[in-house]
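Please have the sequence and the 3D view open while reading.

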Amino acid sequence: MATLPETENRRRKANPMEISGKRAMALLEKIGFTRVAGSPEEKQAAELLLAECREIGAQAEIESFEIEDAEVETAVLEILEPYQQEYPVTGYKCAKNTYQGGLTADFLYVENGTEVDLAQAEGKIVLVNGFLRVPMFRKLMKAGVAGIVTMEGELRDDRDATDLATRKLRRTLRAFGSVPMVHTLVLDAFDMVKRGASKARLVLKNEVVEKTSHNVIATIPGREKPDEVVSFGAHYDSVDFSKGVYDNGAGSVINMELLRYFQENPPRRTVKFMWYGSEEIGLEGSWAYVKAHKDELKDHVLMINVDVAGPVLGRETVSVTGDQGLVSYMEYAGKVRGFGAEIKQGIYSSDSIPFADSGVPAVNFCRGGAPGAAYIHNRFDTLSFLSGEALEKTARFVLDFAKDMANAVAFPVKREIPQNMIEEVEKYLYKKELAKAEEKK
């Protein structure tokens, strides 16, 4: 591990108890188990975080909210012509079920869904590259496809060491329609196309259910300006098969270190610390929070989010969904404090989005892994490529920034979202496309 910059070493000696990477790693190991949205394990992790908050001495509580999920009973994909073979698949939750006996139709590989590729797709079961976002799904619905097969992974995968996720057809996509959908490995998609699969049978049976997820919230009232709130966020849920320590147990334990500091050093402004559930299925926890606390949001002056951190080999990025002046401030602060990072005005796909959509400026901190040196959304997201020193590096800069904001004599950040950022958020949320889809109903 490279030595910290000289300025950082001096700071550490001056403030030895502010941040502890060792303590953060211990908590990370404690919550480092698979904790999927709405599962008993997610609730267990929430209770562990709540207990940690209360041990620190902070006022903390759990807020529950309901999420849409589904139980998949049957998911089958069988190629019928010019050969017969059934492939392992998972079914898309909340997608349309097939009739008894399944859907039998011509099979077509439509690649990235160009106009040419989709010209003959009507009524067929289509295979597409990767998984679906709104633009592709909308084109498939317009083309009149009968069923969809998506794929994940790499050709070099070891089948026995490769997990196949269960994906969900979210409400955002269902606004444009719904068909039976399954998900397969790139290994098997390659085999289908190479062998000229031309006819298939797809079976999907799933039942929509409602589950309960949880947000953990800790509050430290401000000494002088209690009606101005700086909020901190990190999601603590993971995906199937993953221990989720990089994504995003690391952000969660950094959040806890910041809470510990402010509990010992009460700031001028109120600070709220949130650990969000169900981020991985569409930012559900943060959406639930802003909806439940709509009246309170007028007091929120800034949202600070940490999503992914801790890899030994990596790079720091800061995304500012706010005024360009804040970008410049962060650039100066990084140079003054010896923190090298890519700092830009932009959005980040995490729990900062619902706040920005509600008019609250947001800053997202991320330490992404160097190419080949970190794993996300799979069984390889483990403690093995993380370190306490790397967690400290990110956490110390976040804390310095947070202290400046929470203790500023006059709050320096405009409580508004610039027009270019409003447009970026709306584009991310596909607001125009969804509005058009609603008009057609």
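**Aromatic rings and cysteines**

Phe 232 and Phe 262 are both buried. The model is a predicted one, and it contains 13 aromatic pairs. Phe 232 and Phe 262 make up a tilted pair, with 6.0 Å from centre to centre and 45° between the planes.

**Pairs between parts of the chain**

- Phe 232 belongs to strand 9 (residues 225-235) and Phe 262 to helix 7 (residues 245-264), so their pair ties together parts that are 30 residues apart in sequence.
- Another tilted pair is formed by Tyr 329 and Phe 401, with 6.5 Å centre to centre and 55° between the planes.
- This pair links distant parts of the chain, 72 residues apart: Tyr 329 is in helix 9 (residues 324-337) and Phe 401 is in helix 11 (residues 388-407).
- Tyr 329 is partly exposed, at 31% relative accessibility, whereas Phe 401 is buried, at 1%.
- Tyr 329 and Phe 401 also belong to a cluster linked by ring pairs, together with Phe 339, Phe 365 and Phe 397.

**Arginines over rings**

- Arg 167 is placed over the face of Phe 131, 4.1 Å from the ring centre.
- Arg 195 is placed over the face of Tyr 83, 3.7 Å from the ring centre.

**Cysteines**

- A disulfide is a covalent bond that joins the sulfur atoms of two cysteines.
- With a cut-off of 2.5 Å between the sulfur atoms, the count is 0 disulfides.
- Cys 94 has a relative accessible area of 7% and is therefore buried.
- Cys 366 also counts as buried, at 7% relative accessibility.

Conventions. Residues are numbered from 1 along each chain as its sequence is written. This is a predicted model: local features need pLDDT of at least 70, side-chain atom pairs count only at pLDDT 80 or more; totals for chains, interfaces and linings use all residues. Side-chain values use heavy atoms; hydrogens and water are left out. Buried means under 20% relative accessible area, exposed over 50%, partly exposed in between (1.4 Å probe, protein chains only). Rings of Phe, Tyr and Trp (its six-membered ring) pair if their centres lie within 6.5 Å; planes under 30 degrees apart count as stacked, over 60 as edge-to-face and the rest as tilted. Helices (H or I, at least four residues) and strands (E, at least two) are DSSP runs, numbered from the N terminus. A charge sits over a ring if NZ of Lys or CZ of Arg is within 6 Å of the ring centre and within 35 degrees of the ring normal.
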